[in-house]
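I set out to record, entry by entry, what I looked up in this model. The notes go from the whole chain to single residues.

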Amino acid sequence: MAFKIEKATRKKQKLRLLVEGQSGAGKTYSALILAKSIGQSICVIDTEDGSASLYEDLCEFDVINMQPPYSPNNLIMAIDQVEKAGYDVIIVDSLSAFWSSEGGILDQQTVEVNKGINSFQAWGKLSPIQNKMLEKIQHCSSHIICTARTKTDYVMEEYVAKNGKVSQRPVKVGLKTEQKDGLDYNFTIVFRLDREHNATAVKTRASAFDNFYDVITEQTGEKILEWLEKGEVVKPKQNDNDIETIAKKIATLETKEDLMAYFKTIDNMTDEIKELFTMRKEAIGG
């Protein structure tokens, strides 16, 4: 197999950002503040009993109020629907529901074990579902901001008591994200919020946010957008799933010149797409 070697070229990016923190840290608020600066149209996939709608005065956005079961497959379908509707920014609030709430991966794992399937086999069945959800987030054509809950994590530490005996005690080691370990690898930037609503960039591929520690504001979002916009435009590839989008675009074109200009932008020209152009050309009298 021959591999193509080419010059590394920076491309414009779509945001993949995670905002994590304890209850009350300001995850939903911060996600909306960022989204407001990054795109014109926003849709929130809300698993938190409508909590996002409490901020309806913050900015204009639409919402999908999801209910259990919180299967990753349901999130995939919701993201796909919002993406096809053409929203600039999708907020998933919160991603933890698809891990630890009713119908989430942990819930499904318990169901499988109760059926008599051993834990190893159960994870072998469920891990691809989790991975498929994360792949949908990574490859979505919209910007995506996810929130996730965190909780205090403890480990057992040995110590020598006053009586000289070695014993164990729980020691707090920090905050653990309520999602699969290694979740941060799927995001460009990860902000962790504390109780005072300050955000620490615990992971970032944008050097502008190295050592970032501050309250998230609209200026934070503007700075992120500036970084995302650097580089060449990635020309989207057409596939069978784009036919509906192409048809809608063709229907808006009023002249043969516009029709021909759009025709030249299509990468994978199928017979079905050609027929759409022919029908529109006839409709406008060409």
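**Basis.** I worked from a predicted model, in which local features need pLDDT of at least 70 and side-chain atom pairs count only at pLDDT 80 or more, whereas totals for chains, interfaces and linings use all residues. I numbered residues from 1 along each chain as its sequence is written, and side-chain values use heavy atoms, with hydrogens and water left out.

**Whole chain.** I found 9 helices and 9 strands in the chain; these are DSSP runs numbered from the N terminus, helices being H or I of at least four residues and strands being E of at least two. The C-alpha trace spans about 95 × 50 × 50 Å along its principal axes. Of the 286 residues, 39% are buried (under 20% relative accessible area; exposed is over 50%, and partly exposed lies in between, with a 1.4 Å probe and protein chains only). The chain exposes about 16,800 Å², of which carbon and sulfur atoms supply 50%; I note that accessible areas come from the Shrake-Rupley method with a 1.4 Å probe, and that for residues only the protein chains shown count as cover. Among contacts (heavy atoms within 4.5 Å) with a separation of 6 or more, 62% join residues 24 or more positions apart.

**Nonpolar cores.** I took a core to be a set of buried Ala, Val, Leu, Ile, Met, Phe, Trp, Tyr and Cys residues joined through side-chain atoms within 4.5 Å. The largest one has 31 residues, and those with the most contacts inside it are Leu 17, Leu 34, Ile 91, Ile 145, Phe 191 and Ile 224. Two or more residues each come from β1, α1 (27-38), β2 (42-46), β4 (89-93), β7 (189-193), β8 (198-204) and α6 (218-228). Helix α1 gives the most, with 6 residues. Apart from this core lies another, of 25 residues, including Leu 18, Cys 43, Met 133 and Ala 148.

I then looked up Ile 91; beyond four places in sequence, Ile 91 touches Ala 31, Leu 32, Ala 35, Ile 42, Cys 43, Val 44, Ile 45 and Ile 145.

**Arg 16.** This residue lies in strand β1 (residues 16-21). What is the nearest side chain of opposite charge to Arg 16? It is Glu 83, 7.0 Å away, and Arg 16 is buried yet has no salt bridge (a side-chain nitrogen of Lys or Arg within 4 Å of a carboxyl oxygen of Asp or Glu). The side chain of Arg 16 instead reaches two backbone oxygens: that of Ile 137 at 2.6 Å and that of Cys 140 at 2.3 Å.

**Ala 25.** I located Ala 25 in the loop between β1 and α1. Why does Ala 25 count as buried? Its relative accessible area is 1%. Ala 25 touches Leu 193, Asp 194 and His 197, residues up to four places away in sequence not being counted.

**Gln 179.** I placed Gln 179 in the loop between β6 (166-177) and β7. Gln 179 is buried because its relative accessible area is 2%. Its side chain reaches the backbone oxygen of Leu 95 at 3.0 Å. Beyond four places in sequence, Gln 179 is in contact with Leu 95, Ser 96, Phe 98, Trp 99, Gln 130 and Met 133.

**Lys 274.** I found Lys 274 in helix α9 (residues 271-283). Lys 274 counts as partly exposed because its relative accessibility is 40%.

Definitions and conventions
Lys and Arg count as positive and Asp and Glu as negative; His and the chain ends are not counted. A polar contact is a pair of N or O atoms within 3.5 Å; within protein, one must be able to donate a hydrogen and the other to accept it, and residues adjacent in sequence count only if both atoms are side-chain atoms.
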